[in-house]
Amino acid sequence: MMIISSGPRRLLMAVVSVAAALVPFYSAHAEMSAWADNEGGRMRLVALAPDAAGKIRSALQIEPKPGWITYWKEPGGNGIPPQITIAAESGVTLDAIAYPVPKHFFNGGIEDIAYDAPVTLPLSLNAAGKGPVTIDAAAFIGICKDICIPFQANFQLKLGPAIQSHPQEEAILQAADARLPKPPSQDFDVTAHAMSPDRKTLSLDLVLPSGGPGEGTGAPDIIVTGPSGYAFTKQIGGKRDGATFKVDVAIGKLPKDYDISGKRWSVLVIDGERAMETTLAFQ
């Protein structure tokens, strides 16, 4: 299925986003903010002091209430991805957001790529200078049940010296890292990929885990992400033969005049309890 991030839920979010922007700061003088609450769940910011190079390990914790979901980086046809911004005057920059393995949800004709349980998004931050650091961050997510409610909160964290021990924050960050998809390995990788001349199908050759404990035996779940706002999941003619899997992924309408040459897409492959994410480079 081709997924483009637009639709009725997105429109609802846009209509009521002004109200969401009125939430107060949730500040702290430690490495964990207070929880910001919403009808569909809650979220908070966690961080550790910068290391000697100015790198800050941080994360946004999101806890949807039972029956609610929040979205992955390419959310599906009716959602928006998490958005996190750091105030420039704080001297802290956001280098990257990492995403734990999501789930696929189907409700009639609606497909969502999302989380229906507590999830922690690791954040890679960088402090420009030395001395005390204050993170001023704004987080905006969609949290959805029958409708989507925009959830925005502003967080302020004043980070203490790196010599202090923060076992609770360390445990949260380590658990978040453990839920991230793994990089390619000898027994789990995309060994070849090719886009058809008409750009309607993407052919993938994969090596998959061989069916041991926690590993799949049928078709894996494949999520290809291309241009921002686009994800493709519909498999055509997949065939698993031992550790190998060959499949075409249907590519729907791309942006007008989109030139794939030189582009780098991503693919997430979920096989049983294992997940791998890698980059697809196009010549």
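How many helices and strands does the chain have? In this predicted model, the chain has two helices and 21 strands. Of its 283 residues, 48% count as buried.

A look at the interior comes next. In soluble globular proteins, nonpolar side chains tend to be buried together. Here, the largest nonpolar core has 37 residues, and Met43, Ile56, Leu60, Ile135 and Phe155 are those with the most contacts inside it. Strands that give two or more residues to this core include β4 (41–47), β5 (55–64), β12 (133–144) and β13 (148–159), and β20 (264–271) is also on that list. Leaving out residues up to four places away in sequence, Ile56 touches Ala47, Leu48, Pro50, Val92, Leu123, Ser124, Leu125, Ala127, Val133, Ile135 and Leu159. Apart from this core lies another, of 24 residues, with Met195, Phe232, Ile251 and Leu254 among them.

Is threonine 225 buried or exposed? Threonine 225 counts as buried because its relative accessibility is 8%, and the cut-off for buried is under 20%. Neighbours within four places in sequence aside, threonine 225 is in contact with Trp72, Glu74, Tyr230, Ala231, Trp265 and Ser266.

Conventions:
Residues are numbered from 1 along each chain as its sequence is written. This is a predicted model: local features need pLDDT of at least 70, side-chain atom pairs count only at pLDDT 80 or more; totals for chains, interfaces and linings use all residues. Side-chain values use heavy atoms; hydrogens and water are left out. A nonpolar core is a set of buried Ala, Val, Leu, Ile, Met, Phe, Trp, Tyr and Cys residues joined through side-chain atoms within 4.5 Å. Buried means under 20% relative accessible area, exposed over 50%, partly exposed in between (1.4 Å probe, protein chains only). Helices (H or I, at least four residues) and strands (E, at least two) are DSSP runs, numbered from the N terminus. Contact means heavy atoms within 4.5 Å.
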